[in-house]
Amino acid sequence: MFGKFTKKAKELTQKHKLADDLRKTQAIATKKTAKVEPAPAARQVTEPNAIKRPAAPDPEEEPEIGDDVPKARAEWLKKARKGLDANASPEQLCELRDGMTKDELRSHLALLYRRHNRAASSLDARLRAEADTMLNAIVECRKRYLS
Amino acid sequence: MAEFVGIDLGTTTSGLAYIRSDGNPEIVPNGDGERMTPSVVYFDPDEEVKLVGSAARDGGDPSRTIYQIKRFMDNPDYIVDIDGKMWTPTEISAIILSKLSRECSNIVGDIKDVVVTVPANFNEFARKATIAAGKIAGLNIKRLVNEPTAAALYYAHAKKITGNTLVYDLGGGTLDITVLDIGKYGDFEIFTSEGARHLGGANFDEIILDMIAGQYKDQRGADLYDSDAQKRRMLQEGEHLKKMLSKLRKASETVGNDTEGISRVELTRDNFEDAVDRLLLRTEMLVEQALLSSNLTIDEVDHVVLVGGSTRMPAVRELLERLFKKPALSCGNVDECVALGAALFSKQSLTVHEVCNHGYGTLALVENAETGEELFLNTIVINKNTPIPCSESQTYVTSEDNEQLIEVEITQGEDSDPKYVDVIGKIGLEVPAGRPAGCEITVTYAYDENQRVKVIVTDETTGKSKQVAISYNGQGVLSDEEIERKTAYFRNLQIE
């Protein structure tokens, strides 16, 4: 395994701001069940005769995580393989919580937008699809609560 | 020979411009007399000739026609099968570039060295593919320049604007927002470029198509299209309607197909704007992201400029004017300003300070010095928006005793969670056996003016180092040998 990278806590905190903010929100997310009409997707124009990227691998068929994988990486891998809940509402997908102020909501959605807008141009087909779903959810939440 | 040439290799249209003897840029029309060439390629079943432009878009069989190939330039696995022959996005783009350079050279002389524009958010792979397309087309791409940067150069030249400027570039396939400072003496400092892939005019066309198809179904009880070919024709009708609704409050069109008959559909601008409001909201969020990245407030933006055909939609202008409380500037030829700016750029009489459009880093186990908790993270070595060219190093240490192969994964992206970044390369550096954990390894990233990245890994104990040329796997990836072979093949390819 390549390097273990040691940094002082202050630098670590700065580096991890995005991930930490998202984790914090996830921990206190409120599950809402509001039914939402799907937002218009940003669709890909159909290309005749195009041979598209192979379908994303089925998470069930992905290789098991070997013993030689460091613990932190194995834990991350397990988490990363989890897909989106197909039945989740936009609020659930965006991990909104009750009592968020408009400013909190705005910055939380902006943070999510940055992450998933970047993911929409990922080399990973599964992540691109997930990003599209998330961007629709983010825009839906923004429209509902901030427009 | 045309000395200073810029090419806008666009999603829906492409254009070539050169610098006239008076120092002003001018669009060079193609052999069909068009200033902008539709980026569409048609493969005829009977003749060897490849058609590019309006003839390809309007006349050919849609099942043999390639539209908007630029949207797939960043996809290493994407290829197109025509009669059993596989074409990569790079080759399709090379056909378009060949059409432009061959036909325009009849007017301005031989064209060899060019500046080509790319979306600001194009990744490493797409940039590499664009340079390869130029080479196959017989061109030497001396520099890639981001489309909004090129457009800003043109606005500065044509409108004489200075100060903090936000470029809103809504093209056929992508949205790019760039914030920059245009100096009084022709120097440009880019603060940030933010892009949204697959958010462009084509997405608006798809929505208008849904609206038309809905009305058709209500009237005739049948689907408007049931094949890709029919859908393509209806998309063109939809695009016409969209353009009409940019000028009129209400527009109608006759649509239909051979089996179900025709119907008259009518749309209003209000209905259309309601239907696309989520797309517009996405663009608004990207504007906000760009302002945040550039540390500017709305009040600190002196000018908002419009680029790309889709900015003709009144809702786009209204959105920006509502946000910035000032008129958005339009140069009149929003389709051409990128090519014109690229030509200006090729002359290099202006100083442009660009920034990295992506962050680059390495995956590593990171230990929190306070808690001892170990996390698997993307550690960023070069931050997005670092002025380029630049070189940054970060030192890591080995985590196990007796590591003999140091594997470094090179990432592109700004997120600390490895899930949300792309691993674009790996370097394996062999080191002597028997060493304890904790040996220092330095990873250096160098970022050049074409937004291409080089990585050097150095074992500090032995001084041994290795440089990686980032490579990609996929059926759409061309090797250097294949590029050479195709360059030779293209010399004799008939392109009209």
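Before we start, here is one idea you will need: a helix axis is a line fitted to the C-alpha atoms over the stretch in contact, and the angle between two axes runs from 0 to 180 degrees between N-to-C directions. The structure you are looking at is a predicted model.

**Exercise 1. Describe how helix 3 and helix 11 of chain B pack, and name the residues that meet.**

Step 1. Find the two helices: helix 3 covers residues 124–136 of chain B, and helix 11 covers residues 480–491 of chain B.

Step 2. Look at the axes, which come within 8 Å and cross at roughly 40°. Angles under 35 degrees count as roughly parallel and 65 to 115 as roughly perpendicular. That makes helix 3 of chain B oblique to helix 11 of chain B.

Step 3. List the partners. From helix 3 of chain B come B:Ala132, B:Lys135 and B:Ile136, and they meet B:Ile483, B:Glu484, B:Lys486, B:Thr487 and B:Phe490 of helix 11 of chain B.

Step 4. Sort these contact residues by class: four are nonpolar, one is polar and three are charged.

**Exercise 2. Now work out how helix 3 of chain B packs with helix 2 of chain B.**

Step 1. Helix 2 of chain B spans residues 89–108, and its axis comes within 8 Å of that of helix 3 of chain B, crossing at roughly 50°. The two helices are therefore oblique to each other.

Step 2. Check the handedness: helix 2 of chain B passes helix 3 of chain B in a right-handed crossing.

Step 3. Helix 2 of chain B brings B:Thr90, B:Ser93, B:Ala94 and B:Leu97, while helix 3 of chain B brings B:Ala129, B:Ala132, B:Ala133, B:Gly134 and B:Ile136. Sorted by class, this contact has six nonpolar, three polar and no charged residues.

**Exercise 3. Repeat the analysis for helix 8 and helix 9 of chain B.**

Step 1. Helix 8 (residues 277–293) and helix 9 (residues 314–324) of chain B pack at about 40°, with axes 11 Å apart. That makes helix 8 of chain B oblique to helix 9 of chain B.

Step 2. The crossing of these two helices of chain B is right-handed.

Step 3. Residues in the contact include B:Leu280 and B:Val287 of helix 8 of chain B and B:Leu319 and B:Leu323 of helix 9 of chain B.

Note on methods
Residues are numbered from 1 along each chain as its sequence is written. Chains are lettered from A and ligands numbered from 1 in the order in which they are written. This is a predicted model: local features need pLDDT of at least 70, side-chain atom pairs count only at pLDDT 80 or more; totals for chains, interfaces and linings use all residues. Side-chain values use heavy atoms; hydrogens and water are left out. Helices (H or I, at least four residues) and strands (E, at least two) are DSSP runs, numbered from the N terminus. Angles under 35 degrees count as roughly parallel, over 145 as roughly antiparallel, 65 to 115 as roughly perpendicular and the rest as oblique. A crossing is left-handed if the near helix is turned anticlockwise from the far one by less than a right angle, and right-handed if clockwise. Contact means heavy atoms within 4.5 Å. Ala, Val, Leu, Ile, Met, Phe, Trp, Tyr, Cys and Pro count as nonpolar, Asp, Glu, Lys and Arg as charged, and the others, Gly among them, as polar.
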